[in-house]
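Subject: Model handover and findings

Hi,

Here is the structure for you to look over. Please open it alongside this email.

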Amino acid sequence: MSQRRTAPSRLSEGSGLGRVVLSLQETARRLCNRKFRRQFLACSIATITMGLVGTVNGWIKISLAHLTTGSGDVPLMITEDESSWVVSLTVLGSMIGSLLAAQLADRIGRKYCLLVCSTMFTIGWLIICFASSAPMLYLAGVTLGIGVGIAHTINPMFVSEVADIKYRGSIGVLIAANVNSGILLTYALSVWLTYKLQLALLVIISLISILTTLYFPETPYFLVAKGQKEQACKSIVYYKCIEDPDKVKMELRTLRDQVRHELHQQVRYELLQQSTSDLHSESGRDLPPQSRSDLPSQSRSDLPSQSTYVIHSEVVSEEHQQPTGELRPQSLRELHSQSRSHLRKQSSVDLQESTDIPETYMELSKYTCLDKLRAILQRSNRNALFIMLGLIMAQQLSGNFSVTEYLEQDIDRKWATFSPQDAMIFVQVVRYVSGYIAMLIVTHCGRRKLLIVSTMGSCLSLIIFAGCLFLDQHNFDHPTFTIVSIHFLSGYQLLFQIGLGLLPNVLLCDLFPTELKGIVGAIVVIFNGIVGFTATKLNQVIIENVEWHAIFTIFATLCSLAFLMVFIWVPETKGKTYNEIEALLTGENLNSSNEEVSSDEMDSREI
């Protein structure tokens, strides 16, 4: 019996083959799980909008080139300057769309935001289909950009609210993986179909996204926050596959406490700031500086535990926990007694009482964008935002765009049987396959390990390829260089995609409370647009003045810096609740390894 138990552990601790086998076994078990199938299907339908984002990226690269040269069967021609305006207005539209989605998400819900997103894509493709001048393409660019911004902002919210902790990693990879699917689809359609038929098919896909999204219910979190108890119960039954009414009520009770905790987070933060400032002005010498500096972190660590305890108090025991405030100075306990007692009274209200539902709704409507920006200034959210922006910057500055361009040119130049379109499709197939490999292994490997492998592997691939280019430019030519260079660049694409290319979206689902994901998503979209535009312009300047081997050496150096950032600051979020992730973000050692969470325990936890 002991040998049977140790065999799987040896397999899991082995090399990559063992992990792949375990990943495939886990995937097969999940496909037999009705709850996973429902959550995966719902998130797959929602992330069709991310596939439409990929079609926009692919159309910009393929069709704009035809429109500027007049090749193919395009109905009009535009200049290079007009083409750049279409791209710029699309990026501007994505920034507008992200801000719009951050406001609409808490007003009309995640589901209807996805419907608005798909509608914007439908309108944008229809405008392009009937466009007869450059201004119509400008309007289409803004419209499609708004859809892109909404998709990037809403999808992480939808996935994090629907998927269980156990499935959050693999399902979250869909957000970025479907972008690669959309790009690949557009490349293939440009080869097989005419310009008009390609646009007509993209309109049909956008309409399919609208019709399929209507089938699924709104997320339970939003319905609870809006006070729609009956609809929230139906949503819980659908997404969680819970048939026992008592378990549905317990799930609803847990969600309501989560909503209260997140909505009161900013209120508690402002109360602590005001109390600390008042105490400092009245009796600054009575309270030691160390106690004052620990005040916010202590309050954050106490409140979630008390709130969680009160939720389950009726099931586990009638006896309350011993207050921990006795270990603190009397002045600190008096400062927090009012806010803690307020949360305890709200959490202990019976499920059947509906008097607190309007109160939750009122507070949700008052939680403005300015309040969310203040909440981001808290230590855990601030650290999480720095990690996200750092990953986005590493994603843009790691040379992925330049490597893709060079790989397509290299295949076209050295392999005579490949056309430019075939080269682009080959590169995109590598990225497409990488995304679904990451989906299979992220649950077992974890986010942090994959990011470390991705950054270090990308760095080594670029260094080796830079060496090959250096030898080639100094007339040290060898027949194997052609195959070696293409293999290393393809390996770079694979390693980049399984980490830096896909996982920032998963970490956006993990690192922030649900109420802040919308505004953080908008910040990330705007930051990504600014950094992407700057990186593209710098890339053009560098290519004109520096040799290729030096360019790839610079990218390798930036990947090594990204590796250091991930190794030092990025925590492992696999299988952890938000409270546990918040503790890692506010702790002295962000990379302190927690115990592995069992599958059964993850199933019983909330996001």
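Below are the findings, from the whole chain down to single residues.

This is a predicted model: local features need pLDDT of at least 70, side-chain atom pairs count only at pLDDT 80 or more, and totals for chains, interfaces and linings use all residues. Residues are numbered from 1 along each chain as its sequence is written, and side-chain values use heavy atoms, with hydrogens and water left out.

**Overall**

The chain has 29 helices and zero strands. Both are DSSP runs, numbered from the N terminus: helices are H or I with at least four residues, strands are E with at least two. Of the 607 residues, 53% are buried. Buried means under 20% relative accessible area, exposed means over 50%, and partly exposed is in between (1.4 Å probe, protein chains only). The chain exposes about 27300 Å², with 62% of that supplied by carbon and sulfur atoms. Areas come from the Shrake-Rupley method with a 1.4 Å probe; for residues, only the protein chains shown count as cover.

Contact here means heavy atoms within 4.5 Å. Among contacts in the chain with a separation of 6 or more, 81% are between residues 24 or more positions apart.

**The cores**

In soluble globular proteins, nonpolar side chains tend to be buried together. A nonpolar core is a set of buried Ala, Val, Leu, Ile, Met, Phe, Trp, Tyr and Cys residues joined through side-chain atoms within 4.5 Å. The largest one holds 117 residues, and Trp-59 and Trp-125 touch the most other members. Helix H7 (residues 134–162) gives this core its largest share, 13 residues. At least three residues come from each of domain 1 (33–241) and domain 2 (378–590). The domain bounds come from an automatic or database domain assignment.

Which residues does Trp-59 touch, not counting those up to four places away in sequence? They are Leu-64, Leu-67, Val-86, Trp-125, Ile-128, Leu-137, Thr-186, Tyr-195 and Leu-199. Another core, of twelve residues, lies apart from the largest one; Leu-223, Ala-225, Ala-232 and Leu-252 are among its members.

**Salt bridges**

There are nine salt bridges in the structure. Each is a side-chain nitrogen of Lys or Arg within 4 Å of a carboxyl oxygen of Asp or Glu.

- Arg-34 and Glu-243 meet at 3.3 Å, N to O. Arg-34 is in helix H3 (residues 34–46) and Glu-243 is in the loop between H12 and H13, so the pair ties together parts 209 residues apart in sequence. Arg-34 is partly exposed at 37%, and Glu-243 is exposed at 64%.
- Lys-372 and Asp-106 meet at 2.5 Å, N to O. Lys-372 is in helix H19 (residues 369–376) and Asp-106 in helix H5, 266 residues apart. Lys-372 is buried, with a relative accessible area of 6%. Asp-106 is buried too, at 11%.
- Arg-168 and Asp-510 have their closest N and O atoms 2.6 Å apart. Arg-168 lies in helix H8 (residues 165–172) and Asp-510 in helix H25, so this pair ties together parts 342 residues apart in sequence. Both residues are buried.

Lys-372 and Asp-106 also belong to a salt-bridge network with Arg-110, Glu-161 and Glu-515.

**Helix H25**

How many of the nine residues of H25 are buried? The count is nine of nine. Leu-511 sits in this helix (residues 503–511) and is buried at 1% relative accessibility. Leaving aside neighbours within four places in sequence, Leu-511 contacts Ala-384, Ile-387, Met-388, Pro-571, Thr-573, Tyr-578, Ile-581 and Leu-585.

**One backbone angle**

Most residues other than glycine have a negative phi. Cys-241 has a positive phi, near 55°. This residue is in the loop between helix H12 (229–240) and helix H13 (245–263), and is buried at 19% relative accessible area.

**At the surface**

Ile-554, Leu-558, Leu-561, Leu-564, Phe-567, Ile-568 and Trp-569 make a nonpolar surface patch of about 650 Å². Patches are made of residues with over 30% relative accessible area and no salt bridge: like charges are joined within 9 Å, nonpolar side chains (Val, Leu, Ile, Met, Phe, Trp, Tyr) within 5 Å. Trp-569 belongs to helix H27 (residues 548–569) and is partly exposed at 47%.

Best wishes
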